Amino acid sequence: AMQFDEQQPIYLQIADIICENILSDKWKSDERIPSVRDIAASMEVNPNTAMRAFDYLQSIDIIYNKRGIGYFVSDTGKEKAIQYKREEFLTKTVPQFFQTMHLLGITYHDLEKYHKEQG
């Protein structure tokens, strides 16, 4: 079963997984993606929850619906997914990251050194 994070609504976590598939080019521009029912089954969630994720991604132009056929990645779906994930990263992850750095006394110099070591 999927491990969901208590901090974030499940439909947004499903939207994230769909975005990751688009960003990694697993699902390409104008390509059909699995159905709401398939996603709900594979993630073991209620189809209504999966539908909320699809509706949300459609509202920000990452996917679109062809009536009676299914959902597809928008032609600008990847760029839109990058925008969406960057915004999320900068507003949610980064502030927490900085707070943790501050609490642990980690400097930018430490980060840079670590980053170089990771190569």
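1. Basis. The model is predicted, so local features need pLDDT of at least 70 and side-chain atom pairs pLDDT 80 or more, while totals for chains, interfaces and linings use all residues. Numbering starts from 1 along each chain as its sequence is written, and side-chain values use heavy atoms, without hydrogens or water.

2. Core. The largest nonpolar core holds 24 residues. Such a core is a set of buried Ala, Val, Leu, Ile, Met, Phe, Trp, Tyr and Cys residues joined through side-chain atoms within 4.5 Å; buried means under 20% relative accessible area, exposed over 50%, and partly exposed in between (1.4 Å probe, protein chains only). Residues with the most contacts inside this core include Ile 18, Ile 22, Phe 54 and Ile 63.

3. Sources of the core. At least two core residues come from each of α1 (10-23), α2 (36-43), α3 (47-59), β2 (70-73) and α4 (77-104). Helix α1 gives the largest share, seven residues. Helices (H or I, at least four residues) and strands (E, at least two) are DSSP runs numbered from the N terminus.

4. Ile 22. Apart from neighbours within four places in sequence, Ile 22 is in contact (heavy atoms within 4.5 Å) with Trp 27, Ile 62, Ile 63, Val 73, Gly 77, Lys 78 and Ala 81.

5. Aromatic pairs. Rings of Phe, Tyr and Trp (its six-membered ring) pair if their centres lie within 6.5 Å; planes under 30 degrees apart count as stacked, over 60 as edge-to-face and the rest as tilted. The count is six aromatic pairs. One of them joins Tyr 11 and Tyr 56, edge-to-face, at 6.1 Å centre to centre and 85 degrees between the planes. This pair links distant parts of the chain, with Tyr 11 in helix α1 and Tyr 56 in helix α3, 45 residues apart. Tyr 11 counts as buried because its relative accessibility is 17%; Tyr 56, at 26%, counts as partly exposed.

6. A second pair. The ring centres of Phe 98 and Tyr 108 are 6.3 Å apart and their planes stand at 65 degrees, so this pair is edge-to-face too. Phe 98 lies in helix α4 and Tyr 108 in helix α5 (residues 108-118), so the pair ties together parts ten residues apart in sequence. Phe 98 is partly exposed, at 37% relative accessible area, whereas Tyr 108 is exposed, at 58%.

7. Ring cluster. Tyr 11, Tyr 56 and Tyr 84 are linked into a cluster by ring pairs.
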